[in-house]
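Please consult the sequence and the structure shown here while reading.

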Amino acid sequence: MTLQEINFDGIVGPSHNYAGLSLGNIASANHKGNPSYPRTAALQGLAKMRGNLARLGVQGFLLPLPRPNNLLSNELAYDGTEAPALRAAPWSASSMWTANAATVSPAPDTADGKCHLTPANLVTMLHRAQEWPDTKRMLDIAFGDTDHFTVHGPVPPTFGDEGAANHMRLCEGHGTAGVEVFVYGRTGGQFPARQHEQASRLVARAHGLDLARCVFIEQNPAAIAAGAFHNDVVAVANERVLFTHAEAFADQQGAYDAIRMAFPALEVVEVPSDAVSLAEAIRTYLFNAQLVTRPNGEMALIVPEECRESVPVWAWCKAMLASNGPIRDVTPVDVRQSMANGGGPACLRLRVVCDLNTVDRRFLLSEAKADIIESVIAKTWPEQIDPSDIGNDALVAQVTAARAALLTALELEILH
Ligand code: SUG
């Protein structure tokens with residue numbers, strides 16, 4: 001068994017649109033009603049995948065879920081007269097943000113030595129709460145090798161769970177036992193706190209984690225109020241490194257102390273507020289970066305292009321590189337279509353540490369497969385969707401056929 005980290009990116013679905021559905025997600029609110037460009041969006045995501053395949057030697061993907069979701073339309077008694085937000089919910093392509101697909105505990109962390117996955121119930125937002133049954137169906141196939149994986153059901157809907165976006169793992173190397181950090185929010189602020197503490201604790205128990213190697217910490221309410229609806233908007237971890245904004249946690253020093261108690265080798269790379277304000281961090285998504293270990297052992301940060309365009313963020317990145325810290329490279333990627341709905345490079349991927357040979361190969365990318373996916377997207381994905389198109393029959397036919405073409409090309413018709 002050779003355990004390694006594999007990033008499973010969500011392919012951006014053909015119904016990608018800007019309906020402003022996520023309260024507390026500033027980018028989503030700011031772009032509400034704009035035309036969207038699903039083809040460009042999906043190609044931007046694919047280019048990111050290709051870059052990481054070249055950089056890391058391995059890349060996985062997950063498929064867009066069926067949209068519009070007729071099941072949800074029926075539940076909402078869809079009759080064409082409902083409020084725009086209700087009309088748009090069954091159309092959301094939000095499953096592209098696979099950091100919210102599930103929480104993953106790799107085999108070295110669990111009591112039975114299997115990799116455990118719990119699909120996130122995403123109950124706080126209607127358009128996201130519809131994802132988990134289809135997500136689970138896909139995870140059951142991709143990680144169907146039950147000698148090595150257990151895919152659980154979601155936690156009960158009383159407790160909101162947003163998956164890996166509120167979960168970090170610290171370890172000496174991906175294949176060794178780690179300390180899992182669960183970050184939850186408390187309700188009561190202006191915006192919803194989507195991750196409930198009990199959901200995090202339930203996932204940890206279900207996965208058979210050693211509670212001495214789990215840390216539960218609270219998100220800074222001020223960060224949620226400023227638009228950090230998920231913790232991965234203000235912090236990301238990889239191996240020994242925690243890369244975080246100074247205002248990410250309710251008790252910043254207490255959070256470092258608690259993590260260090262469980263994981264003494266912790267290295268914190270903290271960005272102070274006077275270098276990059278919380279607002280600028282959230283606007284540019286500096287922390288919604290992929291912090292990855294390259295095959296040569298060096299760490300690289302894959303950030304959104306928006307970071308390069310920000311004077312304070314780029315200055316901080318340059319200073320960080322000059323300081324000879326653990327992060328040796330910063331690479332910007334263009335995922336602007338996703339960013340406009342509040343999803344950066346890290347939102348678009350689910351990290352799974354496992355042996356490559358235990359994954360269903362249909363979910364693994366190669367250059368040849370990327371060519372196939374690209375040609376289906378270029379031929380079938382709508383070029384543009386205007387908000388007034390949502391619900392129209394021609395668009396239903398186009399997005400349904402586009403997804404079907406992709407499933408056929410990838411021999412995954414089983415997901416129809
Ligand atoms: O849940 N946006 C997503 C963005 C998810 C980002 N993921 C992570 N941070 N891991 C959300 O708010 C916007 C959809 C719309 O407005 O149509 C949306 O769902």
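The largest pocket is lined by 20 residues, and those nearest its centre are Pro-66, Asn-69, Asn-70, Leu-71 and Asp-134. On a 1 Å grid over the protein atoms alone, a pocket is an open set of points with protein on both sides within 12 Å along at least five of seven lines, whereas a cavity is a set of points where a 1.4 Å probe fits but cannot get out; lining residues have an atom within 4 Å of a point. The model is predicted, so that local features need pLDDT of at least 70 and side-chain atom pairs count only at pLDDT 80 or more, while totals for chains, interfaces and linings use all residues. Residues are numbered from 1 along each chain as its sequence is written, and side-chain values use heavy atoms, with hydrogens and water left out.

The elements that give two or more residues to the lining of the largest pocket are α3 (70-75), α5 (126-129), α6 (132-142) and α15 (393-409). Of these, α15 gives the most, with five residues. Helices (H or I, at least four residues) and strands (E, at least two) are DSSP runs, numbered from the N terminus.

The second largest pocket has 15 lining residues, and Ala-27, His-31, Ile-282, Arg-283 and Met-339 are the closest to its centre. Two or more residues of this lining come from each of α1 (26-30), α10 (278-284) and α13 (336-339).

**Cavities**

The structure holds four cavities of 30 Å³ or more. In the largest cavity, 23 residues form the lining, and the closest to the centre are Glu-5, His-167, Met-168, Arg-169 and Arg-351. The elements β6 (167-170), β9 (235-238) and β15 (349-355) each give two or more residues to this lining. The largest contribution is that of β15, with five residues.

The second largest cavity is lined by 22 residues, and Ser-22, Ser-94, Trp-97, His-127 and Asn-341 lie nearest its centre.

The table sets out volumes and lining classes. A volume is the space filled by probe spheres set on the grid points, which are joined across faces, edges and corners. Ala, Val, Leu, Ile, Met, Phe, Trp, Tyr, Cys and Pro count as nonpolar, Asp, Glu, Lys and Arg as charged, and the others, Gly among them, as polar.

| Space | Volume | Lining residues by class |
|---|---|---|
| Largest pocket | about 410 Å³ | 11 nonpolar, five polar, four charged |
| Second largest pocket | about 270 Å³ | seven nonpolar, five polar, three charged |
| Largest cavity | about 310 Å³ | 13 nonpolar, four polar, six charged |
| Second largest cavity | about 180 Å³ | seven nonpolar, 13 polar, two charged |

**The ligand**

The ligand sits in the second largest cavity; this term applies if more than half of a molecule's atoms lie within 2 Å of the grid points. Around the ligand are 20 residues, of which Leu-21, Ser-22, His-127, Asp-232 and Cys-347 come nearest. A residue is counted as near if one of its heavy atoms lies within 4 Å of the molecule. By class, this shell has seven nonpolar, 10 polar and three charged residues.

A backbone N or O atom of Leu-21 is 2.7 Å from an oxygen atom of the ligand. For His-127, a polar side-chain atom lies 2.7 Å from a ligand oxygen atom. In the side chain of Asn-100, an N or O atom is 3.0 Å from a nitrogen atom of the ligand. Taken alone, the ligand exposes 490 Å², and the protein buries 99% of that. Such accessible areas come from the Shrake-Rupley method with a 1.4 Å probe; for residues, only the protein chains shown count as cover.

**Backbone features**

The peptide bond from Arg-67 to Pro-68 is cis, with omega near -5 degrees. Pro-68 belongs to the loop between β2 (60-62) and α3. Leu-122, although not a glycine, has a positive phi of about 50 degrees. The position of Leu-122 is in the loop between β4 (115-119) and α5.

Notes: Polar contact = N/O pair within 3.5 Å; in protein donor to acceptor, adjacent residues only side chain to side chain.
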